[in-house]
Amino acid sequence: MSPSPLLAGIDIGTTNIKALVFDTAGRVQASSSVPTPTHYPRPGWAYHTPDELWRCTLTVLRDAVSQLNAAGTVSSIAVSSMAESGVPLDAGDRPTAGIIAWFDGRTSSQAAWLNKTVGEERIYAITGLSLKPIFGLCKVLWLKDNDPESYAKTVSWLNVADYIAFRLCGEKATDYSLASRMMVFDLHRRAWHSGLLDETGVSRGLFAEALPSGTLLGRILPDVARAAGLPSRVQVTTGGHDHICGALAVGATEPGTLLNSLGTAEAVCIADRRGWLSDVFARQGYTTGAHVARDRYYILGGIYTSGACVEWTRNLLGANVEYGTLVSEAETAPPGSLGVHFQPHLRLGNPPNNDPESRAAFIGLNADVTRGTLFRSVLEGLAYECRLCLEAIVSHPGIDRPKRIVAIGGNTRNRLLMQIKSSVFNQSISIAEVEESVALGAAVLGGLGAGVYEDIDSALNELTYESRTIEPNAEQVEIYETGFQTVYRGIYPALQTLHERLGDFRRADR
């Protein structure tokens with residue numbers, strides 16, 4: 001009997017780059033991780049260099065493979081990454097510029113130009129994306145406007161996961177889930193939209209062919225196979241958007257299940273068989289995209305700085321303070337944190353408050369506030385913000401409140417955050433004990449492309465993992481309901497005008 005195949009999944013994340021190898025049941029056989037190299041040349045700017053990302057990827061892949069007793073049984077590799085970040089390449093496939101990070105704020109003028117030239121309603125009707133500076137087209141236009149020499153040399157633009165797959169196998173392609181974050185992809189035709197490209201002056205030839213996730217691209221390049229310690233027969237397939245790969249790993253591919261993916265950013269995602277395109281969703285900042293599960297769509301909202309808020313708070317309170325200490329102190333603080341509330345808008349407003357001027361805020365601070373109450377208020381603010389995001393989605397006609405909430409991601413290990421969130425929602429939350437669900441979702445897509453799994457349903461039936469359920473704290477549900485309805489809902493509207501004035505103040509010439 002031949003040994004069972006192993007599947008490699010790579011996750012290029014905002015914080016870390018990871019390579020994991022799984023068996024066909026989704027059990028981890030090997031793993032490796034390094035921090036994602038990110039450069040911050042000035043306030044509001046952030047970028048990665050393509051060669052650094054590739055070197056880190058090869059390092060973690062080689063390290064993970066070295067842990068295996070049977071590296072020769074690895075059958076496939078697929079890559080997942082953060083969306084909205086791309087690699088510009090010249091005719092010799094050399095990078096012409098750095099990778100503007102998905103959260104980089106420099107592209108606001110390009111978004112304003114698109115609104116004036118094309119119009120946010122037209123963009124949303126075609127792409128399912130509300131007009132925001134983070135999306136890929138804005139980064140292409142920034143390069144065109146600000147570095148015309150590099151742009152003139154650029155003949156192709158690959159999303160980060162696509163670039164790593166290209167370095168692995170030499171084939172250029174993207175998948176529908178990442179393509180649908182570029183803001184020039186026709187969501188329902190699943191093809192690049194020639195009209196939008198013409199209107200924005202961007203060449204159609206810049207973008208690789210868009211394919212379903214899990215499409216076979218080819219074999220790993222011989223020199224890469226040798227460097228990684230892999231057999232030359234390993235197949236490389238298209239991967240996908242990180243949050244959506246995570247949804248696949250835990251079976252959140254049908255209506256009725258809310259995926260809550262908690263990382264540096266937080267996703268609130270509901271799958272559907274229709275691509276919801278609503279003017280209300282557009283104004284509120286939600287997006288609709290192509291799922292990595294074939295013939296599925298999703299509605300996506302979330303918190304752009306979820307885990308980032310927790311890390312930011314820890315640094316403010318003392319970078320040497322252990323998370324466990326902060327959580328323990330916050331657990332002793334009363335629910336409602338003595339009236340202190342926190343709005344988690346560190347970079348911009350989150351759906352449904354689609355406002356790039358909005359910023360984070362504490363209200364209700366007083367002399368009785370301790371480190372524990374302050375930290376608890378941040379966790380409560382994240383839970384309130386997540387509920388606000390979901391409430392707006394399910395208020396849309398035809399979208400039912402999810403009967404099941406599944407949570408994944410590193411921040412599910414924050415026991416207090418998950419308990420608060422369950423009480424704020426007054427609903428149980430199932431935490432999937434999946435080690436690195438994003439990488440597992442990518443590995444499943446690799447297995448599909450390599451023929452290890454017949455289809456997604458058979459893959460999901462084969463995956464085995466534990467889960468634990470967090471139940472609401474009955475004594476705190478009413479407290480949080482009152483806090484949400486009477487205080488939290490009013491914070492954004494009360495501060496909106498002030499934050500607009502602060503934006504003008506920041507931009508004023510001095």
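**Group meeting: a walk through the model**

Hi everyone, let's begin with burial: 60% of the 510 residues in this chain count as buried, where buried means under 20% relative accessible area with a 1.4 Å probe, counting protein chains only. Please keep in mind that this is a predicted model, where local features need pLDDT of at least 70, side-chain atom pairs count only at pLDDT 80 or more, and totals for chains, interfaces and linings use all residues. Residues are numbered from 1 along each chain as its sequence is written, and side-chain values use heavy atoms, with hydrogens and water left out.

Now the overall shape. The C-alpha trace spans about 65 × 55 × 45 Å along its principal axes. For 510 residues, a compact globule would have a radius of gyration near 24 Å, and the 22 Å of this chain agrees with that; the radius is taken over C-alpha atoms, and the rule is 2.2 Å times the number of residues to the power 0.38.

What about secondary structure? You'll find 18 helices and 23 strands; these are DSSP runs numbered from the N terminus, helices being H or I with at least four residues and strands E with at least two.

Strand E22, residues 429-433, is mostly covered, with 4 of its 5 residues buried. Strand E21, residues 404-408, pairs with E22 in the parallel sense over 2 bridges; pairing here requires at least two DSSP bridges. Within that pair, Val406 stands opposite Ser430 of E22.

Note on methods:
Buried < 20%, exposed > 50% of the residue type's maximum accessible area, 1.4 Å probe, protein only.
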